[in-house]
Amino acid sequence: MTSTALHRSTVPAESVNPAAAQSPPSAAQVLRRCRELAAPALSEAIDTLHPWVAEMARYALGRCEVGGAPADHSQGKGVRQALAVLGAEAVSGPADAGVPGAVAVELVHVFSLLHDDIMDGDALRRGRPAVWKAYGTGPAVLAGDALFALAVETVALTPQAGFAVRQLTAALGDLVRGQADDLLFADRPWTGPGAVGAGEYETMAERKTGALLGCALALGARLAGAPGGTVTALDRAGRHLGVAFQIADDVLGIWGDPSVTGKPVHGDLRQGKKTLPVLAALNAPGCAELAGLLAVSRSLDGAGARRAAALVEGAGGRAAAVREARRHLAAADTLLAGVPLAQGPAAELRTVLSALAERTI
């Protein structure tokens with residue numbers, strides 16, 4: 001018998017606190033709770049759109065098929081919705097206070113995915129035709145525009161309208177800048193004076209991915225009445241999370257299990273995407289073979305991608321990326337520790353942040 005088991009066997013059953021014995025919620029459980037809380041308001045907002053546009057929005061969310069027949073496809077994790085709700089709860093506000101922020105950031109997120117799929121030429125989204133393939137490019141652009149306008153309207157109707165609109169539109173401005181940089185990176189060389197640096201990459205990731213995560217936390221907190229200093233800290237924490245999330249995505253894009261990620265093995269290498277593991281490896285000594293492989297073609301074949309992945313890992317690119325992701329996660333945690341937050345919601349928030357950065361949900 002272990003000491004732990006011995007200890008448990010000597011504790012009278014009546015002295016055990018059922019609440020203390022209950023396990024804290026997992027990240028997946030927290031996300032589901034927040035999604036379910038925001039779902040009615042999200043549906044009501046979409047119902048105000050033109051019926052055809054509303055159908056495309058529901059299709060993008062997995063709630064209907066082309067033509068409007070009800071469906072229950074994967075709707076994503078609802079990360080941004082959850083951060084808005086947790087932002088409100090973490091500053092001791094009611095969860096409902098964060099719901100308008102949750103709806104707004106989810107609408108912006110879906111808008112960005114509709115346009116990203118068009119820009120990247122991605123025909124599939126979550127295992128079925130992307131909106132532009134299902135309805136056409138023009139309609140998909142229109143639906144995205146409508147979702148962004150609806151997001152702004154949603155926060156404009158809150159008591160904190162001035163702040164909320166500024167926060168949301170500033171995040172969108174950063175998102176566009178990050179997306180522009182990401183597109184331009186594709187045409188820049190792997191090495192030499194015009195090469196993409198790791199610092200540039202992280203700035204891009206903060207804007208493209210982190211801005212909306214930070215906005216979600218900040219909106220939830222401000223709508224719940226938090227002071228400016230706390231709101232700013234939560235925004236910065238979300239931005240650090242975004243960088244960690246993007247780096248973790250980069251690692252999975254090269255070495256992830258396709259059955260888990262839904263992406264082909266070595267997919268990012270095959271496409272010639274400039275990701276942090278590769279950029280870090282190219283800065284290591286003896287990177288000539290890797291640089292040569294990447295310079296040959298914009299698209300590697302299977303053997304070339306396997307060799308490039310081995311070279312990146314051998315040069316320390318994978319380890320460097322993991323360290324950097326953890327550094328950003330630690331920075332987010334430090335920011336959370338520096339402001340007064342309610343203990344329970346703050347613990348749930350940290351659970352979600354860690355799971356996202358490690359890509360375990």
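**The nonpolar core and its surroundings**

A: Setting aside residues up to four places away in sequence, Leu 83 touches Leu 213, Ala 216, Leu 217, Leu 241, Leu 349, Val 352 and Leu 353, where a contact means heavy atoms within 4.5 Å. This is a predicted model, in which local features need pLDDT of at least 70 and side-chain atom pairs count only at pLDDT 80 or more, while totals for chains, interfaces and linings use all residues. Residues are numbered from 1 along each chain as its sequence is written, and side-chain values use heavy atoms, with hydrogens and water left out.

Leu 83 belongs to the largest nonpolar core, which has 112 residues, and together with Leu 168 touches the most other members. Such a core is a set of buried Ala, Val, Leu, Ile, Met, Phe, Trp, Tyr and Cys residues joined through side-chain atoms within 4.5 Å; buried means under 20% relative accessible area, exposed over 50%, and partly exposed in between, with a 1.4 Å probe and protein chains only. Helix 10 (residues 198-223) supplies the largest share of this core, 12 residues. Helices (H or I, at least four residues) and strands (E, at least two) are DSSP runs, numbered from the N terminus.

An α-helix has 3.6 residues a turn, so residues three or four places apart point the same way. Helix 9 (residues 161-185) has 25 residues and reaches 36 Å from its first C-alpha to its last, close to the 36 Å expected at 1.5 Å a residue, the expected span being 1.5 Å times one less than the number of residues.

Residues up to four places away in sequence aside, Gly 144 touches Phe 111, Leu 114 and His 115. Gly 144 and Pro 94 are 50 residues apart in sequence and 30 Å apart in space, C-alpha to C-alpha.

Leaving aside neighbours within four places in sequence, Glu 89 is in contact with Arg 33, Ala 95, Ala 342 and Pro 345.

Two loop residues complete the picture. Ser 92 sits in the loop between helix 5 and helix 6, and its phi is near 70°, a positive value in a residue other than glycine; with a relative accessibility of 60%, Ser 92 counts as exposed. Arg 126 has its place in the loop between strand 1 (124-125) and strand 2, and phi of Arg 126 is near 55°, again a positive value in a residue other than glycine. Arg 126 is described as partly exposed because its relative accessible area is 39%.
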